[in-house]
Amino acid sequence: MMRDTFLPFAKPSISEEAIAEVVDSLRSGWLTTGPKLQKFESMLQSYVNAPHALCLSSATAGLQLALMALNLQPEDEVITTPMTFAATLNVIEMVGATVKLVDVSKDTYNIDVEQIKSAITPKTKAIMPVHFAGLPVDLDPIYDLAEKHGLYVIEDAAHAIGAEYKGKKIGSFGDIQVFSFHPNKNMTTGEGGCVITRDDQIAKHIMLTRFHGMDREAWNRFGKSGSAHYQIVYPGFKYNMMDLQAALGIHQLPLLDEFIQKRTQLANRYLDKLQGFDYLILPKEPAYEHKHAWHLFAPMVNPAKTDLTRDQFMQKLKSMNIGCGIHYEAAHLYPYYADKYGFKEGDFPNAEFIGKHVISLPLFPDMTETEQDEVIDALTCIFENKD
Ligand SMILES: Cc1ncc(COP(=O)(O)O)c(C=O)c1O
């Protein structure tokens, strides 16, 4: 049965309270960084139990400023994986450092810790693991390696606010974590991101660089008690988050755990109903204790069981009014990286396999079981040629 309307693969859940809060900001006349951002940041600090939660215009900005705070030099290497959104690699280039890639596990799509060991050189300065789809990376051995070699760990936690590793929230320990609040993510501020750190110096640097390099939080310099004067102590960017965005965040964060619970129920239901459906390779979870944030449900089309390519399958799903996404194609094969570093097919076989076969199926908190059943029926139809 064909759906009448298009089912998106992701959709934010915005409460009436959040809408009213945005309207309140609009009516107040204070649209940009201000009291609502302060409130949202302190809510984030409490949520992850960290002393610094610094919001920015995007997670990309957060990753960039986190790297800048490490004062990297052009020859310095940052280790990450090709199975990520391009922003993870782009920021390393933007700060003038060198991208060093290692492959991922074909089961979890997360960085292969064993391969990090052989990628570390005297020039390595940081490791940037990605908690893919909200599934926490095995952090203990990564932090052990970092300590042994004097490296920083910047966790690309764009997918992972609310996830837990061995009973601890992502963001509640470690060096630096960066969350994204893009509308597809588990909670949203429209666009936006947040850097979490326990390091006062790093926090100070990010506070400077996110707003022109002004020597103090200068958002209220036009207010009655604010001072119109400031000094520029560093050449900074304009990466601040607006109150309009924070207004959404203030009402998204208290619902986050509930959103994740709904995502988890739906993800488990997919896993249950698709058990034995060999046309797809289902996502697997590691043995260590963790809480998955289920930002994505991203199985792979199984080339051993079907001649349909992932892209043909996507087209068929879309023609049946069902949205889907690709997260991600292997980043080392993008022209910029292939040209600059000489990366080629065969360099990171697991990331390449995932990149060719992965597909994100619809998953969002307000998706109904009926909608999910329609997706599952469509899968059966497509693979068993019943359309
Ligand atoms: C793994 C990963 N890192 C970084 C980002 C960048 O996040 P933003 O869109 O907030 O800049 C994304 C966004 O999709 C992502 O998926």
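This is a predicted model: local features need pLDDT of at least 70, side-chain atom pairs count only at pLDDT 80 or more; totals for chains, interfaces and linings use all residues.

Analyst: Residues are numbered from 1 along each chain as its sequence is written, and side-chain values use heavy atoms, with hydrogens and water left out.

User: What makes a space a cavity and not a pocket?

Analyst: On a 1 Å grid over the protein atoms alone, a cavity is a set of points where a 1.4 Å probe fits but cannot get out, whereas a pocket is an open set with protein on both sides within 12 Å along at least five of seven lines; lining residues have an atom within 4 Å of a point. The whole structure has 2 cavities of 30 Å³ or more, a volume being the space filled by probe spheres set on points joined across faces, edges and corners.

User: Why is the largest cavity said to lie between domain 1 and domain 2?

Analyst: Domain 1 (16–255) and domain 2 (256–383) both contribute to its lining, so the largest cavity lies between them; the bounds come from an automatic or database domain assignment. The volume of the largest cavity is about 110 Å³. Its lining has 13 residues, and Tyr109 and His292 are among the closest to its centre.

User: Where does the second largest cavity lie?

Analyst: Both domains give residues to its lining, so the second largest cavity also lies between them. Its volume is about 50 Å³, and its lining includes Lys11, Gln252 and Phe259.
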